[in-house]
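Me: Could you walk me through this model slowly? I am new to reading structures.

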Amino acid sequence: MLTKTPLLNETDISASTGGERMSRADKEFKIVVRNLSFYYGKIQALKDVSLDIQANKVTAIIGPSGCGKSTFIRILNRMNDIIPGVRVEGKVMIDSQNIYDGNVGAVEIRRRVGMVFQKSNPFPKSIFENVAYGLRISGLIKKSSDLGERVRRALVDAVLWDEVKDRLNASAFKLSGGQQQRLCIARALVIEPEVILFDEPCSALDPTSTAKVEELIQNLKDKYTIVIVTHNMQQAARVSDYTAFLMLGELIEFNKTNKMFTTPSEKVTEDYITGRFG
Amino acid sequence: MLKEWIIEKSLIVAAMVSFVIIAFIIMIVFRAGVPLIAEVGVGNFLFGMDWRPEREIFGIFPMIIGTLLVALFSMLISVPLGILTAIFLAEVAPEIMRNILRPAIELLAGIPSVVYGFVGLMVLVPFIRTHLGPPGFSILAGSIVLAIMALPTIITISEDAIKAVPKSYKEASFAVGATHWQTIKNIILPAARSGILAGVVLGSGRAIGETMAAIMVLGNLPVIPTSVLGPIRTLTANVAMEMAYAPHGPHRQALFATGVVLFIVVSILVVISNRLRRGQ
């Protein structure tokens, strides 16, 4: 149990890593997903997905539109809970704790698993208050000097500090699109989560801003476990260590990114990443 | 092409007719009322304590106070109740419940005011008289009736404002570990603030402009009240009560002058409401 023998290593593993290895896998991966199915009412959006996400690595989720990739990462912080009529089957373990156990609160999970959305969505508040929000509602920070320092650190980590330090009280809407997205990243970082989910974070950004965010994601993996959804194949190849390919709600292939993009084991993966459909 | 021309011109005519009618009404009210205000003096008219039309003393201050007090107290009841209901409908209520409650509340707005007044007269006034003290016709009775009448406006406009808050704000708040109530309090309500205020102002406009229900439960004495259990007369009630006894002369002019004051007060509220709704 104590020796680290990763489930994912140089030899490729397919998506069908079975439940029998789970007890070992629990300890070795940040997030372990087992036999996960998800339903919107009667429509099944995910079918029996099992995969393991390593700590301090970037795991990309790719696949054609409607394949369930956004649904998948929104399961990891229980964001789908707010949609009425949804149902989850299977297990999602974070540090061996099933986040869908009855006694686990969604609020607590979301403090541990942060999220950055497809469209930057700052609050209609000042730059400072946008970042400070997560700390204020947690009620953990009492002194305003501590609050200021935590906000500054988050903005530094999100590589936004130098651009906004002189106008922290300006409205967040005054920032450019790329800056707004980095502000949203700072807002996620400030509460020091363990995992950060990115749901197509660059789909609305220009190439320069995209490059900045991608570089930022690379730097963040030292501290955080990162899962990123993208429909941009080059982006997945650039930023991720592991890639999962989903199609029609099923996990087709899960592998090291460089393996996936050079010698995929499934024909359909190859067709997708070479742009034959999607 | 001719058809287009006809449609376009008839639209212009329709708009002009509505506009001209409204302009005429305003003109008549002002022409009849303003000379009396000028004669009595703006200060004496607005701040005069006595209303004795038989001796040609026209002071509407008690009625201005009465109108404002009833509006204030009814808002104290209807604003918290209305906003909380709107939050419940927009954020908490299950779909089925909303689909029943929302039309029911809209229906409340369609009930004629005389019905509200009648229920107030038959139920509320005797209740206040026996349990809290005579006469029963009181600011309290009027405030409760007008609060209920203002509720549909406040609820529906506030609910629309809350629903219009982008879902992405809500998700962003949840994503940093906010509870539902924290999200409502810190993100949704501030973002919906201008719309909610517009509903509140429109609702209070209704409370100020309402006549029939007010007459039926307020007691209609043109005095400054000493308690919420005392009777008062509103500006609208003043016009409605006395118009039959004032066929001509300064008395009639004084009633039109009351209308001028009402018109100005309600216009100000409408302007405020429109500005708030545009989020200024």
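Predicted model: local features only at pLDDT ≥ 70, side-chain atom pairs only at ≥ 80, totals over all residues.

Me: ok, what is the average pLDDT of chain A?

Reply: The average for chain A is 86, and 90% of the residues score at least 70, where pLDDT is the predictor's confidence in each residue, from 0 to 100.

Me: And where does pLDDT stay under 50 in chain A?

Reply: That happens over residues 1-27 of chain A.

Me: Switching topic, in what order do the strands of the open sheet in chain A come?

Reply: The six strands follow the order 6-7-8-3-9-10, with mixed pairing; strands here are DSSP runs of E with at least two residues, helices are runs of H or I with at least four, and both are numbered from the N terminus. Two strands pair if DSSP finds at least two bridges between them.

Me: Why is one side of strand 6 and of strand 10 left without a neighbour in the sheet?

Reply: Strand 6 (113-116) and strand 10 (250-256) of chain A stand at the edges and each has a single partner strand, so one side of each has no neighbour in the sheet.

Me: How many bridges join strand 3 and strand 9 of chain A?

Reply: Four bridges join strand 3 (residues 58-62) to strand 9 (residues 242-247) of chain A, and these strands run parallel. The bridge partner of I61(A) in strand 9 of chain A is A244(A).

Me: Now chain B, how many of its residues are in contact with chain A?

Reply: 15 residues of chain B are in contact with 21 residues of chain A, where contact requires that the C-beta atoms of two residues, placed from the backbone, lie within 7 Å. Helix 7 of chain B gives the largest share of the side of chain B that touches chain A, six residues.

Me: And what covers the buried residues of helix 4 of chain A?

Reply: The cover includes helix 5 (144-157), helix 6 (161-164) and helix 7 (177-189) of chain A, together with helix 8 of chain B. Among the buried residues of helix 4 (residues 127-138) of chain A are N130(A), Y133(A) and L135(A); a residue is buried if 20 or more other C-beta atoms lie within 10 Å of its own, exposed if 12 or fewer, and partly exposed in between, with C-beta atoms placed from the backbone.

Definitions and conventions. Residues numbered from 1 in each chain as written. Chains lettered and ligands numbered in written order.
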